[in-house]
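Subject: Structure handover

Dear colleague,

Here is the structure I said I would pass on. My notes on it follow below.

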Amino acid sequence: MSTGEQARLEARIDLAAVRSNVRRMREVAGPAQVMAVVKADAYGHGMVPCARAAVEAGATWLGTALPEEALALRAAGLSVPILTWLHAPGDPFRELIAADVDVSISGLWALGEVVEAVRAGGRPARIQLKADTGLGRNGAQPHDWPLLVEEAVKAQKDGLVTVTGLWSHFACADEPTHPSVAAQLTAYREALEIAERAGLRPEVRHIANSPAALLLPESHYDLVRSGLATYGVSPAPEEGSAADFGLRPAMTLVGRLALVKLVESGHGVSYGHTYHTTRRTRLGLVPAGYADGIPRAASSCGPVWIDGVRHTIAGRVAMDQFVVDLGDQEAGVGDEVVLFGPGDRGEPTAQDWAEKTGTIAYEIVTRIGPRVPRVYLNASAVL
Ligand SMILES: *Cc1c(COP(=O)(O)O)cnc(C)c1O
């Protein structure tokens, strides 16, 4: 139904679901702590409101990829420990140190820039050393690890840094029997031993992302980094649904019909005429397109739900709009079109969209763009 207040397309974010997911991850991971990973605007859900909800529910750390994300959390008044891990030369290390943000170090260049920033700024930096235990992405290789550890120990002795963490990241935690999982755990133990022999006693050792938190208890160590699970979407759909893991999707993406019209049989629909009506029917126009983050790959396959009835997108998704063949449904202008949500009313989920469009649910929620207002439900009275 049209409310007059509802945007053409909006992402409703249920902060009670975020809180409940964080509590669930604490239950799963305990006694390990939970870091809520809020990078990329909290996977499209809105960074600051989600970070507040996560902290309220007991997340004791926040994690971001980029320094500016960490600084924005501090600017918003979040005071729990924050780790930021994707750095490039020239990053604002002085600001990060001044804001008491833990900086991840994967190579000597980064340690060098941090030490330089400390010398210029005056207070010791909190750093976490990252080992590449087999992912082959960020982190120091085993042959570079001893030197990185040694240099960090020196800087710590000089009072320039405190090594607060030793950490790594899995390649295949969503496939717990994949041989790389055991190999990475072994490599991680070896990296920890080297660091401990060199005298490092960090506050936190961590390797688990949300699939590992849910599926690999032996990977929990002191802290698990919960990204997708925080938002209630299954990070390992082959192993279990969100409900199987006790999680609830937080985002519901809702548009509204902008036009409903009768057309004849055989009418082409949208660019390229990849869809033709097969009878006299009513078409509904949904003002949501790839500029909003709706994948163009959802053309003729993306599922939507209108007042209890599922439909498939008819023809191409355009930049700002797509069309649904309403068939016999008596839908009218202003009616809600649910693209995805928790799924319990029968609406599609982000996981359904991922399967239809050949991607993962991470991408479906994260790509919802800045044109789409976030509307927060169940914000706590406290924060
Ligand atoms: C994104 C990210 C996470 C969170 O992963 P999920 O699978 O969403 O839980 C954890 N650690 C690192 C290094 C990441 O980049």
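Thr252 lies in strand β10, residues 251-256 (helices, H or I of at least four residues, and strands, E of at least two, are DSSP runs numbered from the N terminus). The model is predicted, so local features need pLDDT of at least 70 and side-chain atom pairs count only at pLDDT 80 or more, while totals for chains, interfaces and linings use all residues. Residues are numbered from 1 along each chain as its sequence is written, and side-chain values use heavy atoms, with hydrogens and water left out.

Thr252 has a relative accessible area of 14% and is buried (buried is under 20% relative accessible area, exposed over 50%, partly exposed in between, with a 1.4 Å probe and protein chains only). Apart from neighbours within four places in sequence, Thr252 is in contact with Glu10, Ala11, Arg12, Val338, Phe340, Gly341 and Pro342 (contact means heavy atoms within 4.5 Å).

Ala59 sits in the loop between α3 (47-56) and β3 (61-64). Ala59 is also buried, at a relative accessible area of 3%. Not counting residues up to four places away in sequence, Ala59 touches Val22, Val34, Ala36 and Ala54. From Ala59 to Val80 there are 21 residues in sequence and 8.8 Å in space, C-alpha to C-alpha.

Next, helix α7. It has 13 residues and spans 18 Å from first C-alpha to last, close to the expected 18 Å (1.5 Å times one less than the number of residues). Buried in α7 are Trp145, Leu148, Val149, Ala152, Val153 and Ala155. Seen down the axis of α7, the buried residues fall within an arc of 165°, so they line one face of the helix (the arc is that of the directions from the helix axis to the C-beta atoms). Their cover includes β5 (102-105), α6 (108-121), β6 (125-130), β7 (161-167) and α8. Just after α7, Gly159 takes a positive phi of about 75°.

Last, the pairing of α7 with α8. The axes of α7 (residues 145-157) and α8 (residues 179-197) come within 10 Å and cross at roughly 35° (axes are lines fitted to C-alpha atoms, for helices over the stretch in contact, and angles run from 0 to 180 degrees between N-to-C directions). Trp145, Pro146 and Val149 in α7 meet Ala191, Ile194 and Ala195 in α8. The residues of this contact are 6 nonpolar, no polar and no charged (Ala, Val, Leu, Ile, Met, Phe, Trp, Tyr, Cys and Pro count as nonpolar, Asp, Glu, Lys and Arg as charged, and the others, Gly among them, as polar).

Regards
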